[in-house]
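Please read the following numbered points with the sequence and the structure at hand.

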Amino acid sequence: MAKQIQAVRGMNDCVPGDTQVWQKVESILRETVASYGYQEIRFPIVESTDLFKRSIGEVTDIVEKEMYTFEDRNGDSLTLRPEGTAVCVRAGNQNGLLYNQEQRLWYMGPMFRHERPQKGRYRQFHQFGLEVFGFETADIDAEVIILTARLWQAFGISEHVRLELNSLGSNEARAQYRDALVAFLEQNIDALDEDSKRRMHTNPLRVLDSKNPDVQAILVNAPKLSEHLDEESQQHFANLCERLDAAGIEYQVNEKLVRGLDYYNRTVFEWVTESLGAQGTVCAGGRYDGLVEQLGGKATPAVGFAMGMERLVLLLQELNCVGEIRRTSDVYIAAMGDAASIQAPVIAEKLRALVPGIRIIVHAGGGNFKKQLKRADKSDAVYALIIGESELENNQVTVKHLREHQEQQTLDLDQAAELLKGLV
Ligand code: ATP
Ligand code: MG
């Protein structure tokens, strides 16, 4: 046999069984955001490399080492999208969705980052995200967070995720803080690891993010971002907290939460879980008031988040919260004889019309009656509908219960349809 070609490392297939879980997750996500009036936006998977360099920031993990960047046949530098926010802003600008407008948008799809694959971290992964444009006030930050809390409720995992919150303040406040932080880091330079030393000058706030316990120990005495917040950002944050309190949403203010991307200001948040090991952030987001303008649009405030769908699915599986999955088939049609075999799909069509949503498999591939019933048993179906000569003549079907001991019964098609309605 020829040697099989394997998938690219860190890029996974999603096969039947798994796809059912994903479809369920996707539909809960879709329905929940629709209940807040959000609309779907779809954009390409490949974009100009410049888009990500200009938005995410040159000195971030993503742009420095994680992007799948290549030259196409014209010599243009293209990149497989590592995240959705920049693309959403690009698409919003290009399609005139953002100019003097308010938008509540969501997207879902694959993202690509060249990272070390491990549980909850892949090279092709999927994000569900939403982005809201045109609102400056903290009511919308609160709405976005309340919406995520409702998602956890819908998935039955509220007890297992916790919200961390911080404010990065205005760009000016952040710049001031950056100076203070760099001064502090310089005084403690000997205690820093290589990564932190490198980031100290390029992206010092990221040092706060360090996973190294020695670095974290030093940071206990670092100047605090909250002490540098501008008045307006303080009020904005206080208003957000008040709204979350009113909505009964618990949070922890984490002063070290800075997020890895350059474009955030004011509100940043993460939903984290202890149930997934090191890859504990399920959903992360914040405000990015400068990005629309930075990408060539008219200055437009914005806030959003992205959720790692693999992590969400893992969490649901880990916590046994996947819930019921719809049967892949309700009915299996077996036919005895050539004439019945030709009529079987015709009868199936009639039943599909009479019973919207019913899932019917019509036996294919020939074989005797015993083989057909074996297939029926192997399927998910609750009933086998048997069509033989006499059934054909009388426009009837014989219903055999596959999952419990019950007499089989021969019914008119209409009666059968009534019975099948109970399965949908
Ligand atoms: P991390 O700190 O885990 O690397 P991040 O800060 O790089 O996350 P974001 O860019 O904020 O992540 O993306 C939002 C969410 O997308 C993350 O919280 C996570 O759930 C998910 N995510 C990010 N990178 C990956 C990946 N390589 N594989 C699977 N999920 C991912
Ligand atoms: Mg990352």
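1. In this predicted model, the side chains of R287 and D141 form a salt bridge, with 2.6 Å from N to O. The two partners come from distant parts of the chain: R287 belongs to strand β10 (residues 281-287) and D141 to helix α5 (residues 138-155), 146 residues apart. R287 has a relative accessible area of 0% and is therefore buried. D141 is likewise buried, at 0%.

2. A salt bridge also joins E318 and K119, at 3.0 Å from N to O. This pair too links distant parts of the chain, 199 residues apart: E318 is in helix α11 (residues 309-318), and K119 is in the loop between β5 (103-112) and β6. E318 is partly exposed, at 42% relative accessibility, and K119 is partly exposed at 39%.

3. R162 and E164 form a salt bridge whose closest N and O atoms are 2.7 Å apart. R162 is partly exposed, with a relative accessible area of 28%, whereas E164 is buried, at 13%. Elsewhere, D61, K65, R199, R206 and D209 are joined into one network by salt bridges that share partners. The structure holds 23 salt bridges.

4. On the surface, K370, K374, R375 and K378 gather in a patch of positive charge. Of these, K374 lies in helix α13 (residues 369-378). K374 is exposed, because its relative accessible area of 56% is over 50%.

5. An unreviewed UniProt entry lists the feature "binding site" at several residues, including R113, Q127 and E131. E131 is located in strand β6 (residues 124-133) and is buried, with a relative accessible area of 0%.

Note on methods:
Residues are numbered from 1 along each chain as its sequence is written. Chains are lettered from A and ligands numbered from 1 in the order in which they are written. This is a predicted model: local features need pLDDT of at least 70, side-chain atom pairs count only at pLDDT 80 or more; totals for chains, interfaces and linings use all residues. Side-chain values use heavy atoms; hydrogens and water are left out. Patches are made of residues with over 30% relative accessible area and no salt bridge: like charges are joined within 9 Å, nonpolar side chains (Val, Leu, Ile, Met, Phe, Trp, Tyr) within 5 Å. Accessible areas come from the Shrake-Rupley method with a 1.4 Å probe; for residues, only the protein chains shown count as cover. A salt bridge is a side-chain nitrogen of Lys or Arg within 4 Å of a carboxyl oxygen of Asp or Glu. Lys and Arg count as positive and Asp and Glu as negative; His and the chain ends are not counted. The place of a charge is taken as NZ of Lys, CZ of Arg, CG of Asp or CD of Glu. Helices (H or I, at least four residues) and strands (E, at least two) are DSSP runs, numbered from the N terminus. Buried means under 20% relative accessible area, exposed over 50%, partly exposed in between (1.4 Å probe, protein chains only). UniProt positions are given in the numbering used here, feature names are shortened, and annotations may be inferred rather than shown by experiment.
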